[in-house]
Every structure is written in structure tokens, then in C-alpha cells.
Amino acid sequence: MIRLSVNINKVATLRNSRGGNNPDLLQVAKDCERFGAQGITVHPRPDERHIRYDDVYALKDIVTTEFNIEGNCDEKKFVDLVLAVKPHQVTLVPDATDQLTSNHGWDTITHKRYLQDMVKCFKDEGIRVSLFVDPLNDMVEAAAETGTDRIELYTEAYASHYHQGIELAAAPYIQAAEMAKKVGLGINAGHDLDLKNLKYFAEHVPGLQEVSIGHALISDALYFGLENTIQMYLQRLGS
Ligand SMILES: CC(=O)[C@@H](O)[C@H](O)COP(=O)(O)O
Ligand SMILES: NCC(=O)COP(=O)(O)O
């Protein structure tokens, strides 16, 4: 089974635009789970423009499925947050502080030593670690040497090339997943996955365990409603 973790950043963005509590982020998280999501993902950023640090503490008390916190471990505040909340999984993403959205994976060769320390810091507390990486064999191989449990394949390139040729767009991901399996890593994926591109990815990337999806899923919910939308994504994943 490939798990669907719903990224609720965009729900927080909408709430923050008016300063109140509409939509109610915690209720949306509960409803995503009630509608079939197998996990909740958040990606707090230093400017707290969407998920706020206090949201993450509040979510800890109500998420009953898998809780995945994404972010940059260069930020002490992020590391402290994760260690305090102890989610099931932390996904380390090498974002700049002012980045609009994530746009690249780790260079696991250059930053291997640093990542080894960070991975250990979270694993020592019983938190599963995933590293956000581009679908490149040498990056996947070096990721394994950091001690991480999983990688998250950055799927923006797949999503943006999908229309030009699905097989070509998926090929690097299939290769990277095969490498991950060879070196003993679990496989997650995310970024710009949507109702159109998800099925092929899920069917062809071997060993895929989890996808985290936010932007497209929340946008689709405007048209189809949250419950229908989650069911549609689960269906693409073969559930
Ligand atoms: C790591 C990743 O690809 C996602 O977490 C993405 O960065 C979502 O964050 P935003 O919702 O801030 O774009
Ligand atoms: N890790 C990817 C994620 O959480 C959601 O990315 P997107 O679907 O908002 O592009």
C-alpha cells in the first residue's frame, strides 16, 4: 500500500490570509484522516507564512495517523520543534529561508557529514528520518551513507515533464527507486503530484511507500470537496 499523507500548508495559508481561524486547520487535519488520508504533513518555514510553530504542537495532540514534519534542519527552531513534538517522521529539506517553495533536493555527497549528525540526532529520539533528494543515483547512494531511513524523491521534474512523455519523465525516478532499494532505503515522494500524474508514478516507481501531496489536492478540493478529493487520490494510489 502506498500511503497518502495530506500536506495541509495551503489550508494554513488560507486561514492566515484573514488572521482568524477559518478554515480551522485542526478540524481539516481530523477530517482528512476521517476521509481516508493515512498521514498529515506540514512544512513549517521560518517566516510562518503558512503552518505556524504552534500549529505543529497542536497537531501533535490530534493527528492519529502518521505525522510527518518537513523542513530545514539548519534552523535551530525547526530542530527544537521536531525534537519536542516527536512526529513519526521528519523529512529534511534543504530550503533557503526565503524560498517560495522547495526547489531542490540535498547534495548528499557534499553534506554527508552534516547529514549524518542530523539524522542521528532525530533517530536517537525514535523519529524516522527521510531526506529530500533529486532522482539521481549518486545522491541516493550517498543518502544511504548518512544513516537515513528513507528518501523523499523530489517530483517536480516528473510533474513538469509529464506532458511531454510520461515514460521519459518517470525514468529517472524508477532508476533512483531501484538504487534506493539496492542500498536499503525506504522511498517517499512528493511535490506537484496531482490527479493526472499520480497513477502512473504509483504504478511504475518500485517500492514507493508514501506520497505527500498538498498544493494540487487542496486546489482540487475547491471543486470536488475534500472527502471526494481524498478518495480520488487514494484511488490513483490503488487503495
Ligand atoms: C518538500 C516539498 O516539496 C513540500 O513540502 C513543499 O515544499 C510544500 O511546501 P509549500 O506548501 O510551502 O510549497
Ligand atoms: N513533500 C511534498 C509535499 O508535502 C507537498 O508538495 P505539494 O503537493 O504541495 O507540491
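**Figure 1. Surroundings of His 50 in the predicted model.** In this predicted model, His 50 touches Asn 9, Lys 10, Ala 12, Thr 13 and Asn 16, when residues up to four places away in sequence are not counted. His 50 itself is placed in the loop between strand 2 and helix 3, and it counts as buried because 22 C-beta neighbours lie inside 10 Å, where 20 or more are required. His 50 is also one of the residues that surround ligand 1.

**Figure 2. The annotated positions Arg 45, His 50 and Thr 101.** An unreviewed UniProt entry carries the annotation "binding site" for Arg 45, His 50 and Thr 101. Although these positions are spread over 57 residues of sequence, they cluster in space, with a largest C-alpha distance of 11.4 Å. Arg 45 lies in the loop between strand 2 (39-42) and helix 3 (53-62), and with 24 other C-beta atoms within 10 Å this residue is buried.

**Figure 3. Ile 51 and its contacts.** Ile 51 lies in the loop between strand 2 and helix 3, and it is buried, with 27 other C-beta atoms within 10 Å. Leaving aside neighbours within four places in sequence, Ile 51 is in contact with Asn 9, Ala 12, Val 42, His 43, Pro 44 and Val 56. Thr 110, which stands 59 residues from Ile 51 along the chain, has its C-alpha atom separated by 30 Å from that of Ile 51.

Figure 4. Helix 3 has Asp 55, Val 56 and Leu 59 as its buried residues. Because these residues cover an arc of only 100° around the axis, they are on the same side of helix 3. An α-helix has 3.6 residues a turn, so residues three or four places apart point the same way. The exposed residues Asp 54, Tyr 57 and Asp 61 are carried on the face of helix 3 that is turned away from its buried side. The cover over the buried residues of helix 3 includes helix 1 (9-16), helix 2 (25-34), strand 2, strand 3 (66-71) and helix 4 (76-85).

**Figure 5. The residues around ligand 1.** The shell around ligand 1 consists of Asn 7, Asn 9, His 43, His 50, Glu 70, Val 93, Thr 101, Ser 102, Phe 132, Gly 190, His 191 and Gly 214. Sorted by class, this shell has two nonpolar, nine polar and one charged residues.

Figure 6. Asn 7 lies in strand 1 (residues 3-7) and counts as buried, with 26 C-beta neighbours inside 10 Å. Apart from neighbours within four places in sequence, Asn 7 is in contact with Thr 41, His 43, Ser 212, Ile 213 and Gly 214. Gly 214, for its part, lies in the loop between strand 8 (208-213) and helix 10 (215-224) and counts as buried, with 25 C-beta neighbours inside 10 Å. The contacts of Gly 214, with neighbours within four places in sequence again left aside, are Val 6, Asn 7, Ile 8, Asn 9, Lys 10 and Thr 41.

Definitions and conventions:
Residues are numbered from 1 along each chain as its sequence is written. Chains are lettered from A and ligands numbered from 1 in the order in which they are written. This is a predicted model: local features need pLDDT of at least 70, side-chain atom pairs count only at pLDDT 80 or more; totals for chains, interfaces and linings use all residues. Helices (H or I, at least four residues) and strands (E, at least two) are DSSP runs, numbered from the N terminus. A residue is buried if 20 or more other C-beta atoms lie within 10 Å of its own, exposed if 12 or fewer, and partly exposed in between; C-beta atoms are placed from the backbone. Two residues are in contact if their C-beta atoms, placed from the backbone, lie within 7 Å. A residue is near a molecule or strand if its C-beta atom, placed from the backbone, lies within 6 Å of it. Ala, Val, Leu, Ile, Met, Phe, Trp, Tyr, Cys and Pro count as nonpolar, Asp, Glu, Lys and Arg as charged, and the others, Gly among them, as polar. UniProt positions are given in the numbering used here, feature names are shortened, and annotations may be inferred rather than shown by experiment. The arc is that of the directions from the helix axis to the C-beta atoms.
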